[in-house]
Amino acid sequence: MYINEASKLTGATQRAIRLYESVGLLTVSRRGKYRVYSQENIHLIKLIKEAQTLGVALSDMVALKGENEDFDWQAVSYYLIQKQALVEENIKQLELQRQRIKNYRISIDKCIQELDSHP
């Protein structure tokens with residue numbers, strides 16, 4: 001199939017698909033001047049898109065692939081474990097920040113009440 005159909009099947013723009021190829025994430029066969037996408041290419045494009053929605057940068061994906069034709073799935077698994085730990089740490093920090101904001105609002109509300117009670 002050609003790039004237009006690959007784009008429709010994966011939801012990736014044609015520009016994004018070309019970018020994946022140019023950075024080395026995707027190897028596509030050619031028929032003359034046209035790129036011809038296989039089912040394996042479609043699957044990989046979908047994986048790349050999903051990884052991006054999880055916050056994985058293309059540069060990180062390139063590093064995980066390295067010089068190999070395929071990804072080092074053990075390295076990908078380890079990377080995702082690290083990414084998950086980072087997200088969990090960010091959640092903790094945000095929860096602390098939320099509590100600090102809540103406490104700050106309570107103290108401001110108390111100040112407002114005190115000012116309102118003293119004419």
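Reply: Ground rules before that. This is a predicted model: local features need pLDDT of at least 70, side-chain atom pairs count only at pLDDT 80 or more, and totals for chains, interfaces and linings use all residues. Residues are numbered from 1 along each chain as its sequence is written, and side-chain values use heavy atoms, with hydrogens and water left out.

Me: Fine. How many salt bridges does a search of the whole structure find?

Reply: Two. The criterion is a side-chain nitrogen of Lys or Arg within 4 Å of a carboxyl oxygen of Asp or Glu.

Me: Which residues are linked in the network of salt bridges?

Reply: Glu-21, Arg-30 and Arg-35. Arg-30 meets Glu-21 at 3.9 Å, N to O. For Arg-35 and Glu-21, the closest N and O atoms are 2.5 Å apart. Helices (H or I, at least four residues) and strands (E, at least two) are DSSP runs, numbered from the N terminus.

Me: Is Glu-21 buried or exposed?

Reply: Buried, at 18% relative accessibility. Arg-30 is partly exposed at 46%, and Arg-35 is partly exposed at 22%. Cut-offs: buried is under 20% relative accessible area, exposed is over 50%, partly exposed is in between (1.4 Å probe, protein chains only).

Me: Switching to α1. Which of its residues are buried?

Reply: In helix α1 (residues 3-10), they are Ile-3, Ala-6, Ser-7 and Thr-10. Down the axis of α1 they fall within an arc of 100°, so they line one face of the helix. The arc is taken over the directions from the helix axis to the C-beta atoms.

Me: Why would that spacing give a face?

Reply: An α-helix has 3.6 residues a turn, so residues three or four places apart point the same way.

Me: What covers the buried residues of α1?

Reply: The cover includes α2, β2 and α3 (39-53). Also, Gly-11 follows α1 and has a positive phi, near 80°.

Me: Now Lys-65. Buried or exposed?

Reply: Buried, at 4% relative accessibility. Lys-65 lies in helix α4 (residues 58-65).

Me: What does the side chain of Lys-65 reach?

Reply: The backbone oxygen of Gly-24, at 3.1 Å. Leaving aside neighbours within four places in sequence, Lys-65 contacts Gly-24, Leu-25, Leu-26, Thr-27, Asp-70 and Phe-71. Contact means heavy atoms within 4.5 Å.

Me: And Asn-41, what is it in contact with?

Reply: With the same exclusion of neighbours within four places, Leu-26, Thr-27, Val-28 and Val-36. Asn-41 is in helix α3 and is buried, at 7% relative accessible area.

Me: Which residues form the nonpolar patch on the surface?

Reply: Tyr-104, Ile-108 and Ile-112, with about 300 Å² of accessible area together. Patch residues have over 30% relative accessible area and no salt bridge; like charges are joined within 9 Å, nonpolar side chains (Val, Leu, Ile, Met, Phe, Trp, Tyr) within 5 Å. Areas are Shrake-Rupley with a 1.4 Å probe, and for residues only the protein chains shown count as cover. Ile-112 lies in helix α5 (residues 73-117) and is partly exposed at 41%.

Me: Last one: where is Arg-15?

Reply: In helix α2. Arg-15 is exposed, at 72%. Its C-alpha is 17 Å from that of Ser-29, 14 residues apart along the chain.

Technical notes: A polar contact is a pair of N or O atoms within 3.5 Å; within protein, one must be able to donate a hydrogen and the other to accept it, and residues adjacent in sequence count only if both atoms are side-chain atoms.
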